[in-house]
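Q: Please take a close look at one part of this predicted model. I would like a connected account of the packing there and of the elements around it.

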Amino acid sequence: MKTAQGLPIVVVATATLFVAGLGLVSQGNDPRPGRPQGTGGATADERGEPAETEGATAAEVPKPREISEFVTRGLTWLAEAQHKDGGWGAGSHAHQEIRDPHAIVTDPATTAFVATALLRAGHTPTAGKYKDIVRRATEYLCTAVESSPAESPKVTELTGTQPQTKLGPLVDTSMTAQYLARVLTKLDKSDKLHARVGKALATCIKKVELSQQQDGSWNTGGGWAPVLQSSLACQSYELAQAVGCPVDESRLEKARDYQKGNFDTATGTVRAEAGAGVALYALSSSQRANAGEAKAATDAVDQAKREGKLAADAPVNVENLVTSGVARPQAQKFAAANAALQAQNDAVNDDNVLAGFGNNGGEEFLSYLFTSESMVIQGGEPWTNWNEKMHTRLAKVQNPDGSWSGHHCITSPVFCTAAVVQCLTTDREAELLTLIAKNAAKRAGDDKPAEVATP
């Protein structure tokens, strides 16, 4: 099927999508947002060691590969592109011809996105080659949040940036929240930034809640492909909750329901109306939201096989999940999520779908990132194949200076390079991402306490 613009709509399995749960690790009775790193040293993922996740084997949690030389060049380019104020900018939509990263105004969304790329590659405010750069970026974002009116859903008065125009005008808040959640677990409680980051994160989440629509989306105020803005906002809820920041559960469920609705169960097609008619954008957003629930399904069935409750060749379906100990209502959601995700995996590996709007823009690179995170949660062969495909595909379109640029919509080399670096280092955050499946499993009917991510 095609949209009115002639762009493909991907036909996938006619199964209900259910948005993924959150990744949480036990933090006992400690109520503070995040847990300190203790010594401030490098974490396991920063050292390139395999993550140790309770209930998962080493094979289930992808071991981080060494960062490729061409990706390192991208990191170097990003570090050198930082402004004196600690931020980065994607430039204005009205002047996309300006590609010099120092000739544009900095903005919170791009700053958070670049800082996340550096953080994922092992550079924290206290460790790594670019620790000073990451620390200045963190201070920049805290200042932006602290300076914003409490009643406003925004963290900046700047308008017309490329991310805002293409993803949506509220994207600065959700992207800032995502970074603050991630960096919080990298900071020792004794670090003066720890309390500041925790407070700024809580403020951002309140702003995200303030701007959410009745249908659970953030498709408001414009944006060429606001489905991506909605996905980023939903993920900000997930990450905030994962580090102990209070999140309104009903709002989170609405956000999940919206993502689920991007898949039309009656026709078996992706609904791309909020994705500018481009199947890739809506598909990758739905896939990202679906991965945790699907992984919980396969984990439950695999565990039952090990315990002798199911035959070695037993498929993932409702009855086998019930036999595995999953409550029937949850088993139905798990089975549907797993079936849908398998079809989505096939769809995103279609080069026609990967082409997105027809050539690479920031939205394509962002969509690849969402899918990479989905694949990491699944682990195994799907992730290995996808990761190799992305390394091969994205190495070919790198600029001579080490950056990446878009050929339409978000053309900013700063934004695009940050997206690519994150996409190609997703396995270095595998531990946090695979915890999404653990928390999804906790909704299967047990009464175990919630858990909170630790470094």
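A: Phe 70 and Trp 404 are both buried in this predicted model. Their ring centres lie 6.2 Å apart with the planes at 65°, so the pair is edge-to-face. Phe 70 belongs to helix 1 and Trp 404 to the loop between helix 14 and helix 15, so the pair ties together parts 334 residues apart in sequence. This is one of four aromatic pairs that a search of the whole structure finds.

The loop that holds Trp 404 has helix 14 on one side and helix 15 on the other. Helix 14 covers residues 380–395, which makes 16 residues. From its first C-alpha to its last, helix 14 reaches 23 Å, close to the 22 Å expected at 1.5 Å a residue. Its buried residues are Trp 383, Trp 386, Asn 387, Met 390, His 391 and Leu 394. These cover an arc of only 135° around the axis, which puts them on the same side of helix 14. The buried residues pack against helix 1 (69–80), helix 11 (328–348), helix 12 (351–354), helix 13 (362–378) and helix 15 (413–424). Helix 1, where Phe 70 lies, is thus among the packing partners of helix 14.

Helix 15 is buried along its length: twelve of its twelve residues are buried, so it is largely enclosed by the rest of the structure. Among them are Pro 413, Phe 415, Cys 416, Thr 417, Gln 422, Cys 423 and Leu 424. The cover over these buried residues includes helix 1, helix 2 (108–120), helix 4, helix 5 (171–184), helix 13 and helix 14. At 1.5 Å a residue, helix 15 should span 16 Å, and its end C-alpha atoms are 16 Å apart, which agrees. At the start of helix 15, a side-chain oxygen of Ser 412 comes to within 3.2 Å of the backbone nitrogen of Val 414.

Ser 148 sits in the loop between helix 3 (131–147) and helix 4 (162–167). Its relative accessible area is 12%, under the 20% cut-off, so Ser 148 is buried. The side chain of Ser 148 reaches the backbone oxygen of Val 145 at 2.7 Å. A polar contact of 3.3 Å also joins the side chains of Ser 148 and Lys 207. Leaving aside residues up to four places away in sequence, Ser 148 touches Lys 154, Val 155 and Lys 207.

As for the chain as a whole, the protein has 16 helices and two strands. Of its 455 residues, 61% count as buried. Among contacts between residues at least 6 apart in sequence, 75% join residues at least 24 apart. The chain exposes about 16900 Å², and carbon and sulfur atoms supply 52% of that area.

Terms used. Residues are numbered from 1 along each chain as its sequence is written. This is a predicted model: local features need pLDDT of at least 70, side-chain atom pairs count only at pLDDT 80 or more; totals for chains, interfaces and linings use all residues. Side-chain values use heavy atoms; hydrogens and water are left out. Helices (H or I, at least four residues) and strands (E, at least two) are DSSP runs, numbered from the N terminus. The expected span of a helix is 1.5 Å times one less than its number of residues. Buried means under 20% relative accessible area, exposed over 50%, partly exposed in between (1.4 Å probe, protein chains only). The arc is that of the directions from the helix axis to the C-beta atoms. Contact means heavy atoms within 4.5 Å. A polar contact is a pair of N or O atoms within 3.5 Å; within protein, one must be able to donate a hydrogen and the other to accept it, and residues adjacent in sequence count only if both atoms are side-chain atoms. Accessible areas come from the Shrake-Rupley method with a 1.4 Å probe; for residues, only the protein chains shown count as cover. Rings of Phe, Tyr and Trp (its six-membered ring) pair if their centres lie within 6.5 Å; planes under 30 degrees apart count as stacked, over 60 as edge-to-face and the rest as tilted.
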